[in-house]
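Subject: Structure for you to look at

Hello,

Here is the structure I said I would pass on. Please open it first, and then read the notes below it.

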Amino acid sequence: MTMKRRHFGETAKPESEGLMRGRCVVHIDIDAFFAAVEELLNPALKGKPVIVGGLPHERGVAATCNYEARRYGIHAGMPLRQAYQLCPNGLFIRGNYQVYQAFSEKFFRILYEYTPDVEAASLDEAYLELTRCRPLYASFSEAARRVKGRVEKELGLKVSVGVGPNKILAKLATKRAKPAGFFEVEPGREEDFLRDLGIECLPGIGPKAQVILRMLNIHKIGDLWGMPRSALRSLFGLGGEEVYLQSRGIDSRPVFTRIVPKSVSRETTFLEDIWDRRLLLAHLAYLCDRLTLGLREEHLFAHVIEVKARYSDFKTEVRRCLLLTPLQEMTAIYRVAEDLFLKLFSTSRLSLRLVGVRASDLVRARPLSLFEPYSDREERLAVAVDRVREKYGFGSLLTVRERMLDAIYEFEPRRGFVLKTASLTR
Ligand code: DCP
Ligand code: CA
C-alpha cells in the first residue's frame, strides 16, 4: 500500500485533503543570517570562520556562525568559550541587532511583492503561499526561483528556498536545499522525498524523542511509517499525533498572515493653537510622512484617507476621501490630505489645537487597477527615501514644508521632530 493511500484512508475528512490539493507553499530562509550580514558589511571576513554573539571570553552563547565556523563544530546556542576552544582563529563579533532588523524588513518587503500571504516564521525565515496568486504566475516553481533571485540580488545575502504542497514539506525542502539552494517537492514525490530523511529533521521530534526512537531502531522518516498511530501516541502523547502526520508529509496548517489593522493614524495637539495655514500644512505633511512610514512597514495600502481638525473651542471636524486605487506613498497621501484639510480650514474662523490624519480600509497588496495606468515612480522614490532613513534616521530626509517645524519643535536627526503628543514621535 502506498503511503498516500494509507493516509487518505485514515484521515477523518478526506474532502479537506481534496481542498488542499493544488496548494503551493514556498519556504525561504536566509543562510547564516547574522554572520552573512557581517560578511556583507565587512568583506574581509569572507572565507574565514565568523561567530556572531559576543567576544571569545564573554559570557553568553553564539547567536549564529557562518558555514566555515560550522566546520569546526560550532553552532548557534554554543557557549562562546567553547566556540573559542574549537576555533581559536575564529573571528568573534558582538553583532548589531538593529542592522539585522533592517535587513529583515527589506527581506519581507520583497516577499510581499509576490503574494500578500506571507507568514514571518522569524527574522530571516518566511512561508509564502502562492496558491491564491495562481493567475499571476505561469509556474509556481519559476515564481519561487524568481523570489530567491530577487532577495539574493537586493539583499546581497544567500537564501535557501523550498517548495511544496504545504508548510512541513516546504520547510523540509529548504533544509535539503541548504546552503544557497533550491529544492521542490513535486506532487506525487512526497514519499520518495521523505523516506530517507533523518528523524531529527521533523520539528515535532526533539532530542529526547530522538533518543527513544533510535533505541527502537528508527532513524529515518521512512522507518516511522511502520509505527502505528497508537504507538506514537502512547510514546509521545499529542506530539505523537503530530509526528504521525508530519512523517507522512500531511500538514493542513494555513500560512498565517498577520492581521490587517483597521486603521493607522497619526495626530498631534499643538503646543499653542495655530492659525498660520502654512504651519498647519507643515504639521499635516509631517504626520502624513510618519503615517506612510507606518503603512510601508506593515505593507499596507489605504482606500480611505481622513483628516481631522480640532478647533480652539474643542469642536472637532473630520473629512474623508474614498480612493478607488489604494495609496501608500507619502506624496500621494499628502495631496489627498492637503485637499481635505483646506476644505475644512477654509471655512474656519478659529485657530486649531489639533490636526490628524488617518488611513483606513487597509489592504495588504495593491490590487492592479483597471482604470488607472500604473506608475511605480512614487513607489521607487519611497523605497529610496526609506533606504536613506534606514541608514541615517527618519530625520535625515524631510521636505522643505516639514522643516518649517524646526521653528517650533526640538529636532533629533534619528527620530525626527519631538511633537507634543508623545505617541506621535512614532
Ligand atoms: N539566532 C539567535 N539565537 C539562536 C538561533 C538563531 O540569535 N539560538 C539568530 C541568529 C541567526 C538568525 O537568528 O543568524 C536566524 O536563525 P537560523 O536558525 O535561521 O540560523 P542562521 O540563519 O544563522 O543559519 P542557517 O539558517 O543557514 O542554518
Ligand atoms: Ca536562517
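How many of the 11 residues of helix α8 (residues 167-177) are buried? The count is 8, so helix α8 is mostly covered; buried means under 20% relative accessible area, with exposed over 50% and partly exposed in between (1.4 Å probe, protein chains only). Helices (H or I, at least four residues) and strands (E, at least two) are DSSP runs, numbered from the N terminus. Among the buried residues of α8 are Ile 168, Leu 169 and Leu 172. At the start of α8, the backbone nitrogen of Ile 168 has a side-chain oxygen of Asn 166 within 3.3 Å.

This is a predicted model, in which local features need pLDDT of at least 70, side-chain atom pairs count only at pLDDT 80 or more, and totals for chains, interfaces and linings use all residues. Residues are numbered from 1 along each chain as its sequence is written, chains are lettered from A and ligands numbered from 1 in the order in which they are written, and side-chain values use heavy atoms, with hydrogens and water left out.

The predictor's confidence in each residue is pLDDT, from 0 to 100. Its mean over the protein chain is 88, and 91% of the residues reach 70 or more. Over residues 1-21 pLDDT stays under 50.

Next, the sheet. It is open and has 5 strands in the order β5-β6-β1-β7-β8, with mixed pairing; two strands pair if DSSP finds at least two bridges between them. β5 (118-122) and β8 (182-184) are at the edges with a single partner strand each, so one side of each has no neighbour in the sheet.

Strand β6 (residues 125-129) pairs with β1 (residues 25-30) in the antiparallel sense over 5 bridges, and Tyr 127 of β6 is the bridge partner of His 27. β6 also pairs with β5, again antiparallel, over 4 bridges. A hairpin of 2 residues joins β5 to β6, and Glu 125 in β6 is the bridge partner of Ser 122.

Why is β6 largely enclosed by the rest of the structure? The reason is that 5 of its 5 residues are buried. On one side these are Glu 125, Tyr 127 and Glu 129, and on the other Ala 126 and Leu 128. In a regular strand, side chains alternate between the two faces of the sheet.

Regards

Methods. Polar contact = N/O pair within 3.5 Å; in protein donor to acceptor, adjacent residues only side chain to side chain. Contact = heavy atoms within 4.5 Å.
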